[in-house]
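Biologist: Can you walk me through some local features of this one? I'll ask as we go.

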Amino acid sequence: MSGAGGTRDEAGGRKEDAGGRREETDALALAFVETVRRTGASIGALYLFTPDEQHLTLDLLCGSTTDLVTPWLRIPVTAPTPVAEAAREDRLVWVASQEEMARTYPRTAIAVPYPLTLASAPVTGVRRWGSLMLMWPATRPPYMTQRERGNIAASCVRLARLVEEAVESGRPPVPGERPRVLPADLGQRSTGPALAAADFVERLPGGSCALDLEGRFTYLSSGACELLGAEAGQLNGTLPWQSLRWLDDPAYEDRYRAAVISRVPVAFTALRPPDQWLEFHLYPDSSGISVRIVPSGSAAPPAPASPDPVKALRPSRAGRLYQLIHLAASLTEVVGVQDVIDLVADQVMPAFGAQGLVLSAVEAGRLRITGYRGYSPESMAQLDSLPLDTAFTPVGQAMSSGVPAFYPDAEEMRRVYPEATRVSGKQAWAFLPLIVSDRPVGCWILSFDRPHPFSAEDRAVLTALAGLVAQALDRARLYDTKHELARDLQQALLPRTLPEIPGLRVAARYLPATRGMDIGGDFYDLLPLDGTSVAAVIGDVQGHDAAAAALMGQVRTAVHAHATSGATPDRVLYEANRLLTDLGADLFTSCLYARLDPAAGRVCLASAGHPPPIMRLPGGDTRPVDVPPGPLLGVDTDADFPVAELPLTPGLMLAFYTDGLIERPGVDLDDAIAGLARHLAHIDDRDLDTLIDTLVGKAGSHWQRTDDLALLVLHYSGRG
């Protein structure tokens with residue numbers, strides 16, 4: 001968020017622009033850190049929507065490090081996580097314990113198996129801007145008071161206002177690839193007699209040291225250096241499990257992670273070779289971790305036990321393992337090929353520090369690039385559609401042998417594949433064949449801007465991940481194929497355009513359910529009947545799959561045939577009902593048919609179990625139309641469908657819809673219809689397409705829909 005030519009520091013502190021001037025940290029960062037401090041949270045994160053509002057990107061972070069939140073740097077709005085749910089449903093989400101996290105958000109609990117309490121709240125002003133996440137130690141009460149809720153809500157409003165001010169000033173907040181990590185004391189003046197504190201520590205028995213939130217040594221007393229067997233100059237700035245080989249155990253790293261995330265003191269015992277056991281007592285806060293080291297068996301300061309201590313040993317580096325477990329769980333939920341690409345790019349690339357990604361799929365004996373990151377379109381054009389046995393890159397060898405190929409530097413690659421190095425422009429590569437049941441389905445390339453020595457652990461983990469990615473990619477391609485067929489079927493069954501009727505403005509929308517095949521049984525139609533009359537039809541076939549769409553096509557055809565023959569509304573539904581009962585369809589259908597007759601100045605309506613339309617009169621009065629409902633189509637062969645009439649006056653608006661627009665769990669249907677009428681009463685009707693967008697947004701149907709929906713809006717001007 002720095003100005004033009006400015007630099008953005010990792011701590012989010014003061015910045016220097018190209019001319020040497022110093023800028024104070026921006027107001028949004030200060031307000032965010034103040035919110036974290038005022039709420040007593042140990043960790044805070046501010047997520048902002050991407051421009052298409054399909055993802056939330058982590059922009060500001062306080063009290064943690066980027067490495068610990070790598071799986072959540074970029075979150076789909078539809079993801080089953082507290083942050084996404086708060087933004088999606090525009091409400092505060094409260095998770096009182098780790099047990100509740102495991103029940104409600106199991107994928108998140110897998111990657112964060114520590115005791116904690118969490119809240120996520122929407123950052124909303126004139127529009128939804130993102131989501132605020134706050135995390136506390138599990139020692140806080142497992143409930144939130146009304147005052148606390150009010151404070152968080154007020155803070156979110158303030159953050160939203162600051163975002164809006166930045167947008168209005170032409171400097172909107174744009175999250176980078178990595179979030180800004182802000183210190184908890186940002187904006188406060190730090191004071192303290194450092195020398196006196198150092199003397200105090202030196203007088204204590206045993207040893208003392210300090211770690212930052214990333215786990216690196218920042219201070220060691222002489223007693224700590226003696227017990228650890230190394231000088232302060234050797235250890236400062238290093239990670240304990242890297243600089244001290246006898247601490248290179250994932251269980252010890254996991255204790256550090258538990259302390260940082262849960263903010264609960266943690267203790268463990270480690271053996272310093274050959275035979276000295278040491279006790280480590282970790283005391284975390286928002287700025288880092290204080291560590292007391294004493295020989296095992298000697299007096300030590302009391303360390304409160306964690307409410308849920310983590311005891312299990314991990315087979316690999318704890319942080320990476322949790323990320324990969326999270327990735328494996330996420331891969332089971334992806335739907336399309338683009339979802340696979342986004343997931344691998346957002347989680348695997350940061351975990352391994354990669355800068356490039358190419359994912360290819362096998363099609364007709366060639367490798368078609370389905371997605372990439374970190375490359376130019378020109379270089380991808382040269383690598384697209386290579387044959388499976390290509391000798392241009394290592395892909396051919398990897399695909400034919402099924403064995404991954406790793407090139408830690410450009411020189412090694414250049415010796416065998418000189419042209420590939422030039423086209424790629426990278427300095428290290430991993431070529432991972434994607435195999436499903438001994439059948440190659442594609443290839444995954446991970447690349448780096450600098451030489452990257454692939455350790456045995458890296459190679460084993462990437463090879464295992466390639467198997468998971470292969471399964472996910474194969475399923476996703478099958479889904480995309482079915483989805484494309486379903487979409488083509490849906491488009492063929494719904495009207496491509498609506499006819500232009502003099503004196504009548506019309507707009508319509510169909511939105512499929514967000515889960516399933518992106519197809520359903522909701523439909524609408526507008527039929528010119530004669531020189532003056534027009535029919536509006538909307539219906540809903542039970543289900544949202546191919547069978548529902550096929551039956552929908554039959555119902556729509558039947559209604560069209562009888563309507564254009566001049567049948568009255570009740571007769572149109574009667575004949576459509578006879579057709580469905582003769583077909584013996586297993587799916588029920590609701591339908592609403594309206595005949596608008598400007599010459600007679602009236603609208604005649606008949607309903608087969610369908611929700612009533614909403615009418616808005618010229619004076620603004622808006623209410624549901626009282627239409628006596630008949631039975632659903634396909635239930636009773638001899639059913640009658642009563643007809644209702646209302647005046648057709650200039651300025652009248654009618655909104656026809658299906659239940660997918662209004663039905664919500666726990667909400668009475670009549671209340672939902674009344675709510676829709678209230679929304680329609682206050683919406684500008686100059687542009688009906690915009691009006692429909694607003695209605696869909698008010699109903700909360702933008703992101704997750706368990707049912708498909710159709711909406712048809714008519715506005716009669718009387719001119720024509």
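Biologist: Is Asp438 buried or exposed?

Modeller: Asp438 counts as exposed, because its relative accessibility is 78%. Buried means under 20% relative accessible area, exposed over 50%, and partly exposed in between, with a 1.4 Å probe and protein chains only. This is a predicted model, where local features need pLDDT of at least 70, side-chain atom pairs count only at pLDDT 80 or more, and totals for chains, interfaces and linings use all residues. Residues are numbered from 1 along each chain as its sequence is written, and side-chain values use heavy atoms, with hydrogens and water left out.

Biologist: Where is Asp438 found?

Modeller: In the loop between strand S19 (428–436) and strand S20 (439–448). Helices (H or I, at least four residues) and strands (E, at least two) are DSSP runs, numbered from the N terminus. Asp438 is not a glycine, yet its phi is positive, near 60 degrees.

Biologist: What follows H10?

Modeller: Arg263, with a positive phi near 60 degrees.

Biologist: And how many residues of H10 are buried?

Modeller: 13 of the 13, so H10 is largely enclosed by the rest of the structure. The length of H10 (residues 250–262) agrees with expectation, because 13 residues at 1.5 Å a residue should span 18 Å and the end C-alpha atoms are 18 Å apart. The expected span is 1.5 Å times one less than the number of residues.

Biologist: Switching topic. Which peptide bond is cis?

Modeller: The one from Pro273 to Pro274, with omega near 5 degrees. Pro274 is in the loop between strand S12 (266–272) and strand S13 (276–284).

Biologist: Surface next. Which residues make the nonpolar patch?

Modeller: Phe588, Leu632 and Val635, covering about 240 Å². Patches take residues with over 30% relative accessible area and no salt bridge, joining like charges within 9 Å and nonpolar side chains (Val, Leu, Ile, Met, Phe, Trp, Tyr) within 5 Å. A salt bridge is a side-chain nitrogen of Lys or Arg within 4 Å of a carboxyl oxygen of Asp or Glu. Phe588 is partly exposed, because its relative accessible area is 38%.

Biologist: Which residues gather in the negative patch?

Modeller: Asp570, Asp636, Asp638 and Asp640. Asp636 lies in the loop between strand S28 (629–630) and strand S29 (643–647).

Key
Accessible areas come from the Shrake-Rupley method with a 1.4 Å probe; for residues, only the protein chains shown count as cover. Lys and Arg count as positive and Asp and Glu as negative; His and the chain ends are not counted. The place of a charge is taken as NZ of Lys, CZ of Arg, CG of Asp or CD of Glu.
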